[in-house]
Amino acid sequence: MNKKFYIKTWGCQMNEYDSELIEKQLTTKKYKITKNPEKADILILNTCSIREKAQEKVFHQLGRWKKIKKKKPNTIIAVGGCVATQEGKKIYKRANYINIVFGTQTLHKLSKMIEMAHYSNNLIIDISFNTFKKFKIKKETKIIKKKISSFVSIMEGCNKYCSFCIVPFTRGKEISRPVNHILKEIKQLSENGVREINLLGQNVNSYLGIGRYNKMCKFSELLQMVAEINGIDRIRFTTSNPFQFTDDIINVYKTTKKIVNFLHLPIQSGSNRILKKMKRLHTIQEYKEIVNKLINIRKNIQISSDFIVGFPGETEQDFLETIKIIEEIKFDMSFSFIYSKRPGTPASKMKDLTSIQEKKERLYFLQKKINEQTLFWSKKMLNKKKTILVEKESENKIFNLKGKTENNRNVFFKGEKKLIGNFTKVKITSFSTHNLYGYTV
Ligand code: SAH
Ligand code: F3S
């Protein structure tokens, strides 16, 4: 009988993409996926270490799986992703019942590691950084899940070393996939019904991959090539750092209609002083210049962001500057976090005198502001006809279908089931903070 595996994924879209690669790899090797951890022979945890809480969650989860292993001692537990890369053997020291530790760039070896674990009582560990082989999994397998929107990784790693961020340590140096691999993967997805592509990377605007005739290809050029693929009608990308969000990328918004009218461009803070301490390599003025250039091309473009509240040394004045920029840019739905000290990062050594209570209050205030802006954009959409990519049936009895607008808002609406997988026009008739409602026109 085929052995069953269960995967739990935490963290960013890159982790979700990696888990898809794991699933493809293992199903090709005749393992079967299960949604029930109790029924699995192999339990896989794909972890995230961006903030401290995400890391603590790992040990809580492993504790729960320990109970499953007690009942079924042959169960193999594998821990991968960013915590695994960062902590390596230390995870085993705290949870010595696990069998495998694999890294963000060694997940293509997982099936071999699982085979070894069947015969070995020792920890099997490989968290090396030296290869880009994991993407081969895509080429070797034809198993494609029916999807309408899909992530495609174009580069991995980060060389920017923002002072708060663990990513350069867990994902390694920037490496870009060759153009032909990316285009081939997208064409294959398009032939299988995918209509929207989300290009992934820790810092996509640093993309520099080998293109035609061995010439290096920039991100703006790649965007144009992706736009030429038939069947792909919406292109998103995430994440891009405002630093090096250059004019050639901005100009693609002019030439390429398929790029959505929405950009996630994390600013983190509204204070130049804090940006400098964060080593973000750009100023508020430069950020505003990018946004203004984009608005000149696309009048109604919506911008979303990530914010860090309570970075070491953030004063009330700095915080108020963040609030000011939120009002000025009118950010759409955004993410915000209280600063979390990450081991080994320069910011972890900075003096931090702000109390956690004060940080929580700042976060609450900031999130309230962002919700106000989100409502502002929702209101703007009211009574307008919006293009929706229809994803699936919804659980709502009245608004039977669910889809997404260009700015990533969920829309629940009345329509025929055959629309699933296609674009359709929906008139927006009502909204809540994060969702919109309407009917097809
Ligand atoms: N490459 C992206 C960021 C990727 S990390 C960029 O350049 O903006 C995703 C988000 O997690 C960041 O934008 C930041 O807001 C948040 N984050 C990263 N490290 C953090 C930390 N130590 N504490 C709190 N939030 C953090
Ligand atoms: Fe992190 Fe800064 Fe890179 S936030 S992912 S080090 S651009």
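**Close-up 1. Glu358 and its salt bridge to Arg362 in the predicted model.** Glu358 is partly exposed, at a relative accessible area of 25% (buried means under 20%, exposed over 50%, and partly exposed in between, with a 1.4 Å probe and protein chains only). A salt bridge joins Glu358 to Arg362, with the closest N and O atoms 2.9 Å apart; the term denotes a side-chain nitrogen of Lys or Arg within 4 Å of a carboxyl oxygen of Asp or Glu. Both residues belong to helix α14, 4 residues apart, about one turn of the helix. Helices (H or I, at least four residues) and strands (E, at least two) are DSSP runs numbered from the N terminus. Arg362 counts as buried, with 7% relative accessibility.

The model is predicted: local features need pLDDT of at least 70, side-chain atom pairs count only at pLDDT 80 or more, and totals for chains, interfaces and linings use all residues. Residues are numbered from 1 along each chain as its sequence is written, chains are lettered from A and ligands numbered from 1 in the order in which they are written, and side-chain values use heavy atoms, leaving out hydrogens and water.

**Close-up 2. The salt bridge between Glu314 and Arg362.** The closest N and O atoms of Glu314 and Arg362 are 2.9 Å apart in this salt bridge. The pair links distant parts of the chain, 48 residues apart: Glu314 sits in the loop between β16 (306-309) and α13 (316-329), and Arg362 in helix α14. Glu314 and Arg362 are both buried.

**Close-up 3. The salt bridge between Lys71 and Glu38.** The two side chains meet at 3.8 Å, N to O. Lys71 lies in helix α2 and Glu38 in the loop between β2 (32-33) and β3 (42-47), so the pair ties together parts that are 33 residues apart in sequence. Lys71 is exposed, at 66% relative accessibility, whereas Glu38 is partly exposed, at 45%.

**Close-up 4. Helix α1 (residues 13-28).** Of its 16 residues, 12 are buried, so α1 is largely enclosed by the rest of the structure. Among the buried residues of α1 are Met14, Tyr17, Leu21, Ile22 and Leu26. Lys30, which follows α1, has a positive phi, near 75°.

**Close-up 5. The nonpolar surface patch of Leu208, Ile210 and Met216.** Together these residues have about 270 Å² of accessible area, by the Shrake-Rupley method with a 1.4 Å probe, only the protein chains shown counting as cover for residues. Patches consist of residues with over 30% relative accessible area and no salt bridge, like charges being joined within 9 Å and nonpolar side chains (Val, Leu, Ile, Met, Phe, Trp, Tyr) within 5 Å. Ile210, in strand β11 (residues 208-210), is partly exposed, at 43% relative accessibility.

Notes: The expected span of a helix is 1.5 Å times one less than its number of residues.
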